[in-house]
Amino acid sequence: MAVILAVAKQALGLYPALYLVQCVVVVWLLWRYRRLIPEMNWRFHWLAVPTGLGLFVAWVGLGYGYNTIFYGELRVRPLDEDDTFGPMAAAAPALLWATLVLRLLGMAIVVPMFEELFTRSAVIRGMSDARKTGIGVVQLLCDMPIIGDWLTHTDWGRRAGVRHGMFTHQLETTPLGRVTMFGVFASTLIFTLNHIPRDWAGCIACGLVWCALLWWTNRESLAVEKRRGLGPIIWSHGITNAALWAWTVFGHHLPPHLGLGGDWQFL
């Protein structure tokens, strides 16, 4: 889908249409399989506000720090230099605003639900133990063509073959909110690699904070009915993304001498 969206940038009306389809499909899948993901909810916790806003500041600050370190200057991308939204602004302002509204809904609602379900539920639980995760990787490689044929005849492959699926086993036996050092590392690494290098430092900050928030709002010392599931980190993630959207779209109102704001690289 990312490749299709990249191609669609060349056609003004195609990009928002495909982006809408992408969001609708994700929401439909989440709704369709809602009984399999009871941790998915929008239960609020007050910590979502300071963590969400704090991570927005960290994301922007660390992103500018990356530019300064690797390029020797603080780079800002104005609207007219953006490949996606610049042509819309010049040719069809109404289409631009319609697309921006869709992007806000996607960033602040759809993306947090899907990313947190995958990263801070499936990955952090399914890769909670380093040794079991290593066995799971071997099991996965055994199912691959060519390398799997060789690996199944090694000691590693034979030992992994007699074990229950390690990723599934860890996911089923690790309750939401039980956070391990390796689980935090694995989930944060996968979350980080899904972004461009400029955002890696911000991703690491988000991964650490959201794992801590997940643990705090679902810690085992809480009564079951008081545990919040994924709701607090979905809220925090949504607030961070909504703030990035506002920074991008309305940041041009900042004093010009700051050289900041209205920076479309964050959208």
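This is a predicted model: local features need pLDDT of at least 70, side-chain atom pairs count only at pLDDT 80 or more; totals for chains, interfaces and linings use all residues.
User: Why is Ser236 called buried?
Analyst: Buried means under 20% relative accessible area, exposed over 50%, and partly exposed in between (1.4 Å probe, protein chains only). Ser236 has a relative accessible area of 0%, so Ser236 is buried. Ser236 belongs to helix α12 (residues 231-250); helices are DSSP runs of H or I with at least four residues, and strands are runs of E with at least two, numbered from the N terminus.

User: What makes the pairing of Ser236 and Trp210 a polar contact?
Analyst: The side chains of Ser236 and Trp210 are joined at 2.8 Å. A polar contact is a pair of N or O atoms within 3.5 Å; within protein, one must be able to donate a hydrogen and the other to accept it, and residues adjacent in sequence count only if both atoms are side-chain atoms. The pair is therefore a polar contact.

User: Why is the pair of Arg125 and Glu39 called a salt bridge?
Analyst: A salt bridge is a side-chain nitrogen of Lys or Arg within 4 Å of a carboxyl oxygen of Asp or Glu. The N to O distance between Arg125 and Glu39 is 3.6 Å, so the pair qualifies. Arg125 lies in helix α5 and Glu39 in the loop between α2 and α3, 86 residues apart. Arg125 counts as buried at 14% relative accessibility, and Glu39 is buried at 12%.

User: How many salt bridges are there by this rule?
Analyst: The count comes to six. Among them, Arg77 and Asp82 have their closest N and O atoms 3.0 Å apart. Arg77 is partly exposed at 33% relative accessibility, whereas Asp82 is buried at 6%. Another is formed by Arg198 and Asp199, with the closest N and O atoms 2.8 Å apart; both residues are buried.

User: How do you know that the aromatic pair of Tyr64 and Phe266 is edge-to-face?
Analyst: Rings of Phe, Tyr and Trp (its six-membered ring) pair if their centres lie within 6.5 Å; planes under 30 degrees apart count as stacked, over 60 as edge-to-face and the rest as tilted. The structure holds 12 aromatic pairs. In one of them, the rings of Tyr64 and Phe266 are 5.3 Å centre to centre with 90 degrees between the planes, and therefore edge-to-face. Tyr64 lies in helix α3 and Phe266 in the segment after α12, so the pair ties together parts 202 residues apart in sequence. Both Tyr64 and Phe266 are buried.

User: Why is the pair of Phe182 and Phe185 called tilted?
Analyst: The ring centres of Phe182 and Phe185 are 6.0 Å apart and the planes stand at 45 degrees, so the pair is tilted. Phe182 and Phe185 are three residues apart in helix α10 (residues 181-193), and are thus separated by about one helical turn. Phe182 is partly exposed, with a relative accessible area of 26%.

Conventions:
Residues are numbered from 1 along each chain as its sequence is written. Side-chain values use heavy atoms; hydrogens and water are left out.
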